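Student: I would like to learn how to read a few features of a protein model. Could we take them one at a time?

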Amino acid sequence: MKKHLKLLMMVISASVLSCEKPNLADPNGNPQGEGETEKVGSMTITLEKVTATTAYFKAYTKKTAPDLELGIYYSEYANDHIYECERVWDYDFEVGEICELVIKDLDANTTYYYRPYIIANGVRELGDELSFTTPAESLTIDKVTVDGLTATFIGNVDLCGDGGVYCSTNRPNKNAGTASYYRLGYGEPYTLTLNNLSSNTVYYYCTYRFDYENGTYVYGPVKEFTTGNVTLTIDNVNIMVDEVVFTGDARLDCEGGILYSTKSSIKKNDCLGIIDLSNKIENFSESIRLPIEQTYYYCTYYWNNSTKTYVYSEVQSFKTANFQWNIATDLSNNEAANCYIVSKSGWYKIKTVKGNSTTTVGPVANADILWESFGTSVVPEVGQLAGCAACKDGYIGFRIPDKFLEGNAVIAAKDINGNILWSWHIWLTDKPQEHVYKNNAGTMMDRNLGATSATKGDVGALGLLYQWGRKDPFLGSCRITNDVEAASTIVWPSTVSSNSENGTISYATANPTTIITGSDDWQYDEDNTRWQSSKTIYDPCPAGWRVPDGGNKGIWRKAGFSLTTCEVAADEGISFSIASPSTTWYPAAGNRWWSSNYEVTVVGSFGQYWAVNPDVSSNDTYGLYFFCYRNQYGYLQQEVESNKIYYSSREECLSVRCQKEQ
C-alpha cells in the first residue's frame, strides 16, 4: 500500500468519545483486532473478520440527521493524519440499519491502524485509533475426489495475488502453460470441479501462487491421481407406443454413443442411426421414434484413442410396439381418397388402394411417415403429429398422439426395396364447413386444402400448394405477408427437370416430395386428364370433394365473382360474397414458380387457385386468380379474374379449394 507522508497533527473541532483501548492480542489465535467493538458517539462498530486481503466491519446507529455518514480512516502507520489516510464510508442507509464497511486490497501479514467516525448534523466524531493485523496468505487443498473422468478439489483460499490449483498431465514448471491453472477467488472456501478429463490418465496437482517480487510461480507439494476408464452403459430400453427410450450412464472423453439398425451386424458406418453421446459425463435418457412392429438391434460404441479403433459392446435387440389394429378407425371404409381428414387422437387405418378407386397400389412391405408440418415456423418433432406407421392385410395404419395438434402429414406405402408405391395426405384439422355459393353455382369448403383455419388473417388459413394434376402437396408459407416456407420434419429434395423419365406420372407418384419443373408443364406428355370434373385417382381432395371447375362454366364465374362483389383486404386476401354464410375468405397464399426458383413467393399479394380444366390450346389452366396490394404511393392495387389464370402453367404450385361432389 502507498506510504503516507507524515504531517503535523491539525486541531479538529469534533466531539470525541474516549474509550478504553482494546487488547489486540487474541488468545484464540485469530487475527489481531478481530471481534473488537468500539463506540463512537451514537455509533457502535465491530470488526467482524480479517483475512489476508480484506477487513469486514459492521456499524450501527440510532441517530437521525441529514447527511448522516459512518466510516473508517485507515493506514499502515500509527497516528497518521486522517487527511493522509485511506477511507471507507457509507451514507446510503436507513437509521437502525446495520451498515457494512469493507476494507479491500490489503497486504497480508501487515498491521493496519484505523479510526472509526460518524458525521451527523455536520459534526464529525472520531473514535480512538485501533489496529488489526492481516494474517499470512494461505491456500490449501483439503480434499480431492475422482469420479470417472471428473475430479473435484475442496479447500480454502486467502491470497493477495494470483493463485489457485494447478492440475495437468505434466508436472508443474515455469513453462507448464496457463491452461493447467485454475485461478481461485480470495478469502473464501472453494470447490473446483474439472470435467472431461482423459480416461485412465495420471494427473498431477498442487497449489500455486505467483510470487510478484521474483516473477515466478511458487508451487505447493505435488500429488497425483488417476482417472477412471471410459464407460458407457445402457441400463434400460423402454418401449413406448411411439418411441423407444434408452437410459444409462456415460463417462466419455471421446466420440461415442449408441448404434441401432435393422441388421444384427452393426458398425459405425453401417447402421440405421446413431444416438450421439460423445464427451458426455452424465446419466442420459435419449429417445428415438421408430416404425412399430419391427425388430431392431443396438450396441454402444466409443473411439479408443490408444488403439485408434472403435470399441463395440455386445449387440442386443428389441421389438417396437404393436399396432392396435383391433381399435383402429377405418378412414377409407366409405370411400377411398388421397386425403383423409383427422380431427382427434387415436389409431387409424386406410386401405392400400389408389385414391378414389379400388385399385391396389401393389404389394406393401412397410409404411413410413414422410413428413409432418404445423404450417408455421416451428419444426415438429418426428411423430408429434402422426406416427406409428404400419402395414397389414391391405391396410396402412398410423397413430395420432394423445395430444392432438393441427397440421399436415404424408404417409407412404413402400415395397420391399423401399420404393414408394403410393402416398396419402393426412389433414389434421377440425371438420371443414360447407359454404354455399350464389346462383346455385355449387358448394365449396370454407378453407384451402391443407389449411387448419378459415379465419381471415390467420396463417393457418394459407394451406398447402399443388402442381396441377398431382395428388401430393408441397409446403406453403408460415407468414401471412412474407415468403417464408413453413417448417417440416424433412429436408425437401431439389427440383428435377421434366424429361421422358421423370416427367411422368409414375415418377411423380414414386417421388411425392419432389417438384418437377418444365417450361410450361411438369408432365412430359402434357396429359390433360390428370384432374377432371369426374374425380380421378390423382385428385388431392378428401372423399366427397374434388378440384373445382373453372372458366365460364366454373363455380367462381357462376357465383358472379368480380371486383364489385368482393371486399379486398390489402396484402392478405379477399372476402367473397356468397349465399351461405354471407362471405368466405380466400387468402393470398402465393405460389411457387420458376421465377422464384420454386420457392414460396408473392404471399399476401397474390392468390391463385387451380381448376380441373386446362386450356388445351396452351399450357395455362382455368381457375381463380387475384392480386391485392398497395403500390409505392399507398394506393390499393387489385384485380380478380375467375376465367383464366394469367402467367400460370401446370408446373407451378398453387392453392386448391375443394368443391363438393354432386
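Predicted model: local features only at pLDDT ≥ 70, side-chain atom pairs only at ≥ 80, totals over all residues.

Student: In which sense do strand β30 and strand β31 pair, and over how many bridges?

Tutor: Strand β30 covers residues 387-392 and strand β31 covers residues 395-400. They pair in the antiparallel sense, over four bridges.

Student: Where are N109 and N597 placed?

Tutor: N109 sits in the loop between β6 (99-103) and β7 (111-120). N597 sits in the loop between β43 (591-592) and β44 (600-601).

Student: Is N109 buried or exposed, and what about N597?

Tutor: Here a cut-off is needed: a residue counts as exposed when its relative accessible area is over 50%. N109 has 59% relative accessibility, so it counts as exposed. N597, at 55%, counts as exposed too.

Student: Next is the peptide bond. Which residues does a cis peptide bond join, and what is omega?

Tutor: The cis bond joins S580 and P581, with omega about -10°. To find P581, go to the loop between β41 (573-577) and β42 (583-587).

Student: How should I read the largest nonpolar core, and which residues touch the most other members?

Tutor: Look for the residues with the most contacts inside the core. The largest core has 58 residues, and those touching the most other members are F398, I411, W424, I426, L449, W531 and V656. Strand β33, residues 420-428, gives the most to this core, namely six residues. There is also a second, separate core of 25 residues, with A55, A59, L70 and F132 among them.

Student: Now the cysteines. What is a disulfide?

Tutor: A disulfide is a covalent bond that links the sulfur atoms of two cysteines. In this structure, a search of the whole finds one disulfide. C541 and C658 form it, with their sulfur atoms 2.1 Å apart.

Student: Why is this disulfide called left-handed?

Tutor: The torsion about the S-S bond of C541 and C658 is about -90°, so the disulfide is left-handed.

Student: Which parts of the chain does the pair tie together?

Tutor: C541 lies in the loop between β38 (516-517) and β39 (545-546), while C658 lies in the loop between β48 (653-654) and β49 (659-660). The pair therefore ties together parts that are 117 residues apart in sequence.

Student: Is C541 buried or exposed, and what of C658?

Tutor: C541 is buried, its relative accessible area being 0%. C658 also counts as buried, at 0% relative accessibility.

How values were computed:
Residues numbered from 1 in each chain as written. Heavy atoms only, no water. Pairing = 2+ DSSP bridges. Helix = DSSP H or I, 4+ residues; strand = E, 2+ residues; numbered from the N terminus. Core = buried A, V, L, I, M, F, W, Y, C linked by side-chain atoms within 4.5 Å. Buried < 20%, exposed > 50% of the residue type's maximum accessible area, 1.4 Å probe, protein only. Disulfide = S-S within 2.5 Å.
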